[in-house]
Amino acid sequence: MSETVFELNGSTLTVKPVGALDSITSPVFEEEFCRKMPGAGKIIVDLEKVDYISSAGLRVFLAAEQYVEKQNAEMKLIHVNENIMEVFELVGFLDVISVE
Amino acid sequence: MKAVRTDNAKILTKLMLRLLPIQVLLAAVGGVNGMVSSYFASNYVGISAMSAVGLYNPVNTLIGAVSTMLAGGSAILCGKYMGRNEQDRMQNVFSLNLLIAALFSGLFTALLLVFGLFDLTGFFTGDEAVRPLLNQYMIGQAVGLFPFMLGNQLPVYLSLENRQNRTMTASLIYLGANLVLNWLFVQVLRMEAFGLALASSAGFWIFLAVQAQVFLGGKSHYKFQFRKLRWPEGMQIALVGLPGAASNGYQAVRSMIVNNLLQVFIGSVAISAFTASDSVLRIFWSIPAGMLAVSRIMISLSVGEEDRQTLTDVMRVMFRRYIPLMCGVCAVIILCAEPFTRIFFHDPADPVYMMTVWGFRILPLCMPLSIVCMHFTCYAQASGKQGLVNLLAVLDGVVFVAGFTALLIPSLKMNSVYIANVLNGIGCILVIVGYSCLKRKHIPRNMEELMVIPKDFGAEADARIDISVQSVDEVVNVARQVRDFCRRRGIDERRAYLSGLCLEEMAGNIVEHGFTKDQKPHSIDIRVVQKNDGVILRIRDDCVPFDPGERKEMFDPEDIVKNAGIRMVYKIARDVDYQNILGLNVLTIKI
């Protein structure tokens, strides 16, 4: 996975991962993500350039969701492609995380 | 796409060597039991009882042949259906196999009881001293026919479920019981021929009970289902198993011819020498028999799965591991020729002594050759090459040994029969090579050509991936390769995505959990096949048994964190099937 772009605009953090979020790339992404999250009141994860997410990727978002809930912040995923959306639906991910 | 790297052969080698000792022991138990019975018959009952036992032998061979036919045919069919993941048909073979075995045992039991109780054994012997003993012996044997036949079918299914230890336990208990019961009935209670037969019959009931416990206790996937029986499959079991059973018949004919030749050209001393060497070698023949028992299941599974790679790998393991192993055993037998001879004969000046020594020096040479022939016959059986099967059965069973002995006996005397056995092995291998030349129209250049595997067998090379992985990084890379493979094969993006995902989740799970459960080195063998417009993933590993279906059920369906990968796969896939075959976890996922 190419380097993730993190943009902080006020208290809004926009995260733009690129490529695949699999068992290899997800731990690296998670580490960066965890470093950037503190202080953000709103997190937008733009998945436009992500074409593949495995359960390792899903776990990163679930962990992030738990964190933002504790911080009374909010997180949403945007530009999710069709295939990834299907997986989100299948595992009940949409009940837990806000996806647009 | 070409296989990038595969550890299939490595996994198979480990598996085939791991299963070998038990199968060899199982094959050896029969020989040892024969020795126990002979010991009590000869030492505590007498010559007339030994004659009765001898006269019963052809009946025993016939019943054994029917039992072998049913067990062999069922093993091949079941392995094939298991490879194709046709659970219903496997269950059908299991139920039919047991039912037909029970029917045959009922028929044989009735016949033996009628013959024994009504003294209808006149055509076996006119000897008035022997006939009553034969009648008693038959009645005693009748008691144990049902467990004998059923007990010989169950090892097939126990092996398929990797429970061959159960059969081994049953065999050892049977061995002990046989010894104790013979001592009790024959030596203590003086029940003579009836006691001899009753001891083995009672032993067979114990043998059956120990094995049947697995099936009656619901621990096995195989369940007896009378209502859903598809009877025509019974004919299939018989047809597939017939060559194995027919070889018993051919060997009986061969023995008769060879015995006649020996008697005419040399005298009965030659038969004594041949019998002596043969009786010891019979125990060593359990090694090739055990090797074949292991390979048979792998071969029939591979034929069912249309897995060319495993099929050829089984043969490679046979050539690279089994044959050298057997050569080593043969060298030991040859070196021990004289000590073995001294079990029977003690005077080196007696002609029978050296005749027997040469038996031990020459006959073992045919064992490695026979392993090759047995494996190819088994493959021919499983793949429906009935012509080759029948040809080899006749040539190997009768023609070569009898023919070469007849040809050589005027000049080589006793050694002719030994050399004929070795030439038989060479002849059979030449037939196998010749068959391949004939079918391929050229000399075989590799294992696939030698085996005459049809070109349309299994998926074409570019419609499949065979690859092995040992780490999470490799798993992810293979998942990417699978996605690329699907796109290249014109499979839609959705399926390509889901195929890669399923592979990453399941194989990753094995690396993460299976590899760390013990300290042994493991690897995962992955096969991806495009079939019609779908994708089939087969993930095979040699870690501790792990059924993802059971794991999935263990957690709250509302909890999306726990086992998300496994649950995802079960929701995505059209079908997920887990089987533990011979100790390997085999997961088949259809997308």
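Two residues are in contact when heavy atoms of one lie within 4.5 Å of heavy atoms of the other. With this definition in hand, the reader can follow Gln91(B), which touches His221(B), Tyr222(B), Lys223(B) and Gln225(B), once residues up to four places away in sequence are set aside. The structure under discussion is a predicted model. Gln91(B) belongs to helix H3 of chain B, which covers residues 87–117. Is this residue buried or exposed? Its relative accessible area is 14%, and a residue counts as buried when that value is under 20%; Gln91(B) is therefore buried.

The discussion now turns to chain A. This chain has 100 residues, of which 49% are buried. It contains three helices and seven strands, and along the sequence these elements follow the pattern β-β-β-α-β-β-α-β-α-β.

The next topic is the meeting of the two chains. Here 22 residues of chain A are in contact with 21 residues of chain B. The size of an interface is often given as the accessible area lost when the parts come together. Chain A and chain B bury about 1800 Å² between them, and 60% of this area is on carbon and sulfur atoms. Nine residue pairs are in polar contact between chain A and chain B, with both residues of each pair at pLDDT 80 or more. Which elements of chain A supply at least two residues each to the side that touches chain B? They are strand S5 (50–53), helix H2 (55–70) and helix H3 (82–90). The largest share, five residues, comes from H3(A). By residue type, the side of chain A that touches chain B divides into 12 nonpolar, six polar and four charged residues.

Charge pairing also links the chains. Side chains of opposite charge can pair when their charged atoms come close. Two salt bridges are counted between chain A and chain B. In one of them, Glu86(A) pairs with Arg494(B), and the closest N and O atoms are 2.8 Å apart.

A search of the whole structure gives 23 salt bridges over all chains. Within chain B, the side chains of Arg316(B) and Asp313(B) form a salt bridge with an N to O distance of 3.0 Å. These two residues are three residues apart in helix H11 of chain B, so about one helical turn separates them. Arg316(B) is partly exposed, at 24% relative accessible area, whereas Asp313(B) is buried, at 3%. Another pair consists of Arg163(B) and Glu161(B), whose side chains meet in a salt bridge at 3.4 Å, N to O. Arg163(B) is partly exposed at 27% relative accessibility, while Glu161(B) is buried at 12%.

A further salt bridge joins the side chains of Asp307(B) and Arg527(B), with an N to O distance of 3.7 Å. Asp307(B) lies in the loop between helix H10 (286–305) and helix H11 (308–335) of chain B, and Arg527(B) lies in strand S2 (residues 524–531) of chain B, so the pair ties together parts that are 220 residues apart in sequence. Both Asp307(B) and Arg527(B) are buried. They also take part in a network of salt bridges that links Asp307(B), Arg464(B), Asp466(B), Asp525(B), Arg527(B), Arg538(B) and Arg540(B).

Asp307(B) leads in turn to Phe457(B). Leaving aside neighbours within four places in sequence, Phe457(B) is in contact with Ser302(B), Val303(B), Glu306(B), Asp307(B), Arg308(B) and Leu311(B). Phe457(B) sits in the loop between helix H17 (447–451) and strand S1 (464–469) of chain B. Although Phe457(B) and Arg308(B) are 149 residues apart in sequence, their C-alpha atoms are 7.3 Å apart in space. With a relative accessibility of 13%, Phe457(B) counts as buried.

The last topic is cysteine. A disulfide is a covalent bond between the sulfur atoms of two cysteines. How many disulfides are counted over all chains? The count is zero. Cys437(B) is partly exposed, at 25% relative accessibility, whereas Cys486(B) is buried, with a relative accessible area of 0%.

Methods:
Residues numbered from 1 in each chain as written. Chains lettered and ligands numbered in written order. Predicted model: local features only at pLDDT ≥ 70, side-chain atom pairs only at ≥ 80, totals over all residues. Heavy atoms only, no water. Buried area = accessible area lost by both parts, 1.4 Å probe. Salt bridge = Lys/Arg side-chain N within 4 Å of Asp/Glu carboxyl O. Polar contact = N/O pair within 3.5 Å; in protein donor to acceptor, adjacent residues only side chain to side chain. Helix = DSSP H or I, 4+ residues; strand = E, 2+ residues; numbered from the N terminus. Nonpolar A, V, L, I, M, F, W, Y, C, P; charged D, E, K, R; others polar. Buried < 20%, exposed > 50% of the residue type's maximum accessible area, 1.4 Å probe, protein only. Disulfide = S-S within 2.5 Å.
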